[in-house]
Amino acid sequence: MTKEKPGKPAPPSDFADLAAAFAMPGKTTASSTQEASQPPSTTSDTEVALPPAKVAVRMRKTAQVPQAGRGPGRPKSPEELVNQTLSLRADQMAKVHKIAAAEYGRLGRRVLPSEIVRSLLDIAFEHQGKNTKVLKS
Amino acid sequence: MKTIAFLGRKGGGGKTACSHVLALAAGLAGYKPLLIQIDVRTATPPMGAPGRPYWLFGLDVSQPEQAAMYMGTIFDRTTKTSGSLVILDGGANRDAVDVGLARRADLIIVPVADGPEDLEVAVDDRNRFEQLLRGDGKQTPVHLLLNRWPGRQSELQPFLREDYVARFMEQTEGQRLSTMVPRFKSVKALLDHNSPEGRSAVRKVGRQLLDEVSGLLGIPPARAA
């Protein structure tokens, strides 16, 4: 006689309506029993506020990044813009490499220095602008 | 209702992983946990995955007013619900937001990974939060949680003898939780997979952490998972 396997644990039912309500606002993500097995819709108003374009660029392979030196007028790739903006010297780039290895190496994938530079820029911009406000209590 | 905040400036310290481990254990133990991930742009686990015994809300703090409003709604509701446990998962490098979260928390946990910089930043974070709260006249406990440290004694003992680690241990005596979250592959799986029930080792560590946390918060012991 086989032992009956217990069912999967479920979130507390007390907050089911709260979770359902939070599934409605456009910029908020939430879990919901009704949509438990469905990924968040990318076409409806309940779209998750993740930055798909940014993630896509971050995940781009080196071979897909346009090379410099083409004709004028071509939009610059984020990597080129980063290098142009920061004008990193070789020794500075080596430092970025070191940070890349320390911070992200353990993720088990190769990390481009430009990814790190962009992360640093993201942090800098956030600190400068949007993120200066404290959450209201 | 009690609020536990996992905070710290260092990315990769384990704020998200440890908050999920605690939420999992709390859900299995009969509490009503609600995990609020403060920054949906960091590693966000799948939403609405079956098998999570807790609700997971993701807020986008790049829209602070909206995030604050949502959080207010969640707090209003959880305050009225007996046995609810709000777990806040802070984002890295978000000092200003962290201050707001720290003031809301009944217990602050600063997870600390095993790198030299991790230790240094975590100690600084802990002291900063303590100073902030004492300045407010609050006695909110602020503890360090060793995360992703070597789990096996044969690896842990030599690690503890490293200069920077020994110094850290001496410096933080009485400021650390006794629970240590070792390097578990299944902790990562808890965040990645669609059925994040967690393996027995994760449940065990989670339960240990939950017991310690409930003791610090003075809430009734949970039933056995």
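## A salt bridge between chains

In this predicted model, Lys32(B) forms a salt bridge with Asp14(A). The closest N and O atoms of the pair are 3.3 Å apart. Lys32(B) sits in strand β2 (residues 32-37) of chain B, and Asp14(A) sits in the segment before α1 of chain A, so the pair joins two chains. Lys32(B) is partly exposed, with a relative accessible area of 22%. Asp14(A) is also partly exposed, at 26%.

Thr81(B) touches both partners of this bridge, Asp14(A) and Lys32(B), and also Phe15(A). These contacts leave out residues up to four places away in sequence. Thr81(B) belongs to the loop between α2 (64-79) and β4 (84-89) of chain B. Its relative accessible area is 9%, so Thr81(B) is buried.

## Salt bridges within chain B

Over all chains, the count of salt bridges comes to ten. Side chains of opposite charge can pair when their charged atoms come close. One pair is Asp118(B) with Lys10(B), whose closest N and O atoms are 4.0 Å apart. Asp118(B) lies in helix α4 (residues 116-135) of chain B, while Lys10(B) lies in the loop between β1 (2-6) and α1 (15-28) of chain B, so the bridge ties together parts that are 108 residues apart in sequence. Buried or exposed: which is Asp118(B)? Asp118(B) counts as buried, because its relative accessibility is 6%. Lys10(B) counts as buried as well, at 11%.

Arg134(B) forms a salt bridge with Glu130(B). Here the closest N and O atoms are 3.5 Å apart. Both residues belong to helix α4 of chain B; they are four residues apart, so about one helical turn separates them. Arg134(B) is partly exposed, with a relative accessible area of 31%. Glu130(B) is partly exposed too, at 24%. A network of salt bridges links Arg9(B), Asp124(B), Asp125(B) and Arg128(B).

## The cavity

How many cavities of 30 Å³ or more does a search of the whole structure find? The search finds one. Rolling a probe the size of a water molecule over the atoms shows where empty space is left. The largest cavity has a volume of about 70 Å³. Its lining holds 14 residues. Nearest the centre lie Gly8(B), Lys10(B), Gly13(B), Val110(B) and Pro111(B).

Which element gives the largest share of the lining? That share, four residues, comes from α4(B). Both β5 (107-112) and α4 of chain B supply at least two lining residues each. By type, the lining of the largest cavity divides into seven nonpolar, two polar and five charged residues.

## A buried loop residue, Gln175(B)

Gln175(B) is in the loop between α6 (163-171) and β7 (176-182) of chain B. Its relative accessibility is 19%, so Gln175(B) counts as buried; the cut-off is under 20%. Leaving out residues up to four places away in sequence, Gln175(B) touches Arg126(B), Val142(B), His143(B) and Leu144(B).

## Chain A: make-up and confidence

Chain A has five helices and one strand. Along the sequence, the pattern reads α-β-α-α-α-α. Chain A has 137 residues, of which 27% count as buried. Among contacts in chain A with a separation of 6 or more, residues 24 or more positions apart account for 29%.

The mean pLDDT of chain A is 59. Of its residues, 20% reach 70 or more. Where in chain A is confidence highest, and where lowest? Confidence is highest in helix α1 (residues 16-22), at 79, and lowest in strand β1 (residues 29-30), at a mean of 44. Over residues 24-31 of chain A the pLDDT is below 50, yet the model gives this stretch 31 contacts beyond near neighbours in sequence. Residues 33-56 of chain A also stay under 50. For residues 33-56 the model has 27 contacts beyond four places in sequence. Where pLDDT is low, the predicted coordinates should not be read in detail.

Note on methods
Residues are numbered from 1 along each chain as its sequence is written. Chains are lettered from A and ligands numbered from 1 in the order in which they are written. This is a predicted model: local features need pLDDT of at least 70, side-chain atom pairs count only at pLDDT 80 or more; totals for chains, interfaces and linings use all residues. Side-chain values use heavy atoms; hydrogens and water are left out. pLDDT is the predictor's confidence in each residue, from 0 to 100. Contact means heavy atoms within 4.5 Å. A salt bridge is a side-chain nitrogen of Lys or Arg within 4 Å of a carboxyl oxygen of Asp or Glu. Buried means under 20% relative accessible area, exposed over 50%, partly exposed in between (1.4 Å probe, protein chains only). On a 1 Å grid over the protein atoms alone, a cavity is a set of points where a 1.4 Å probe fits but cannot get out, and a pocket is an open set with protein on both sides within 12 Å along at least five of seven lines; lining residues have an atom within 4 Å of a point. Grid points are joined across faces, edges and corners, and a volume is the space filled by probe spheres set on the points. Ala, Val, Leu, Ile, Met, Phe, Trp, Tyr, Cys and Pro count as nonpolar, Asp, Glu, Lys and Arg as charged, and the others, Gly among them, as polar.
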